[in-house]
Amino acid sequence: MSMEQIIAAVHALPGSLVLAPGPGSEFPELAWGDSFFYYAPDGRVPTSTQPYATIVTKDYPEDTASHLDPSGRWRLNIHVGRSRFTELTGAIPGETRHGRDFSAPDVVLPHPVYSALGWVAIVNPADATGDLALELVRDAHEAAAARRRRRQEG
């Protein structure tokens, strides 16, 4: 599975917005090359919500456990919620740092920084996790849409 396949799948979801910062954009250089997925049927980046999934292509200063700096390594991050997080990882959100190889490819892992918030991570999704990764992204998209509907209803 490639980053492009995931991005294309997100583009196909109703109300999706893919933010892909690059040179000349208003976003910091550190974010260039990464992708941020939002539910935004109006086509504008939401200012009051976080993305429901992201693709990162490099280590960030406080997020190096996945060892993404070597060429060809990237990570899909998905907000799955607390109960699905435990189902997928066998761990309780936020209690997952010890004994994990966060650099292992094609494995659903607790997010090395945001696990307490119900985020999972997959480094280089492939045969073992590709279909599941797309399912989780679709589910996260629908959950983001449902949250937006609830906020609009009052």
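Predicted model: local features only at pLDDT ≥ 70, side-chain atom pairs only at ≥ 80, totals over all residues.

Guide: Residues are numbered from 1 along each chain as its sequence is written, and side-chain values use heavy atoms, with hydrogens and water left out.

Visitor: What is the strand order of the open sheet of six strands?

Guide: Strands here are DSSP runs (E, at least two residues; helices are H or I, at least four), numbered from the N terminus, and two of them pair if DSSP finds at least two bridges between them. E1 and E5 (109–110) are the edge strands, each pairing on one side only. The pairing is antiparallel, and the order reads E1-E2-E3-E4-E6-E5.

Visitor: Which residue in E6 is the bridge partner of Leu76?

Guide: E4 pairs antiparallel with E3 (residues 53–56) over four bridges, and there Ile55 stands opposite Leu76. E4 is also joined to E6 (residues 119–123) by five bridges, again antiparallel. In E6, the partner of Leu76 is Ile122.

Visitor: Why is strand E4 said to be largely enclosed by the rest of the structure?

Guide: Buried means under 20% relative accessible area, with exposed over 50% and partly exposed in between (1.4 Å probe, protein chains only). E4 covers residues 75–79, and it counts as largely enclosed because the number of its five residues that are buried is four.

Visitor: How far apart are the end C-alpha atoms of helix H3?

Guide: The expected span of a helix is 1.5 Å times one less than its number of residues. For the 24 residues of H3 (residues 130–153) that should give 34 Å, which agrees with the model's end-to-end value of 35 Å.

Visitor: Which element gives the most to the lining of the largest pocket?

Guide: A pocket is an open set of points on a 1 Å grid over the protein atoms alone, where a 1.4 Å probe fits, with protein on both sides within 12 Å along at least five of seven lines; lining residues have an atom within 4 Å of a point. The largest one is lined by 31 residues, with Tyr38, Thr49, Gln50, Pro51 and Trp119 nearest its centre. E2, E3, E4 and H3 each give two or more residues to that lining. The top contributor, with five residues, is H3.
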